[in-house]
Amino acid sequence: MTNATNQSPQSTTQFALDRLAKAIATAKRLGFVVRSEWLGGSATGWCELGGKRILFVDLSLSVHEQLEQVEAAIEALQAERNKP
């Protein structure tokens with residue numbers, strides 16, 4: 001078994017890239033249109049325009065931060081859907 005603390009920075013980044021790809025695929029399955037844009041670290045996230053949910057992934061952020069953005073959007077949408 002591999003311990004995350006023993007992984008090289010490159011393998012940790014690859015793991016995050018794999019998770020990001022899976023998270024983006026999940027977001028698309030949930031109905032998001034995913035746009036990767038250079039946003040300079042400004043306020044990012046998702047919005048609804050013309051009946052479409054658009055998720056902006058800020059390319060100026062690290063892979064780990066992008067992953068956090070996508071996961072947060074998925075969680076927010078799921079919480080919204082679970083409201084009574």
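## Basis

This is a predicted model: local features need pLDDT of at least 70, side-chain atom pairs count only at pLDDT 80 or more, and totals for chains, interfaces and linings use all residues. Residues are numbered from 1 along each chain as its sequence is written, and side-chain values use heavy atoms, with hydrogens and water left out.

## The sheet

Three strands form an open sheet in the order 1-3-2, with mixed pairing. Strands (E, at least two residues) and helices (H or I, at least four) are DSSP runs, numbered from the N terminus. Two strands pair if DSSP finds at least two bridges between them. Strand 1 (32-37) and strand 2 (46-49) are the edge strands, each pairing on one side only. From one strand to the next, the twist averages 30 degrees.

Strand 1 and strand 3 (residues 52-58) run parallel, joined by 6 bridges. Phe32 has Arg53 in strand 3 as its bridge partner. Strands of a sheet pair through backbone hydrogen bonds, either parallel or antiparallel.

## Helices on the sheet

Helix 1 (residues 9-29) lies across strand 1 and strand 3, and runs at about 140 degrees to strand 1. Helix 2 packs on the sheet too, touching strand 1, strand 2 and strand 3. The direction of helix 2 makes about 155 degrees with that of strand 3. Axes are lines fitted to C-alpha atoms, for helices over the stretch in contact; angles run from 0 to 180 degrees between N-to-C directions. Contact means heavy atoms within 4.5 Å.

## Two faces of helix 2

The buried residues of helix 2 are Gln66, Leu67, Gln69, Val70, Ala73, Ile74 and Leu77. Seen down the helix axis, they fall within an arc of 160 degrees, so they line one face of helix 2. The arc is that of the directions from the helix axis to the C-beta atoms. These buried residues pack against helix 1, strand 1, strand 2 and strand 3.

The face turned away from the buried side carries the exposed residues Glu68 and Glu75. Buried means under 20% relative accessible area, exposed over 50%, and partly exposed in between (1.4 Å probe, protein chains only).

## Val70

Val70 sits in helix 2 (residues 63-81). Val70 is buried, with a relative accessible area of 0%. Leaving aside neighbours within four places in sequence, Val70 is in contact with Leu20, Ala23, Ile24, Ala27, Leu55 and Val57. Asp58 is 12 residues from Val70 along the chain, and their C-alpha atoms are separated by 10.0 Å.
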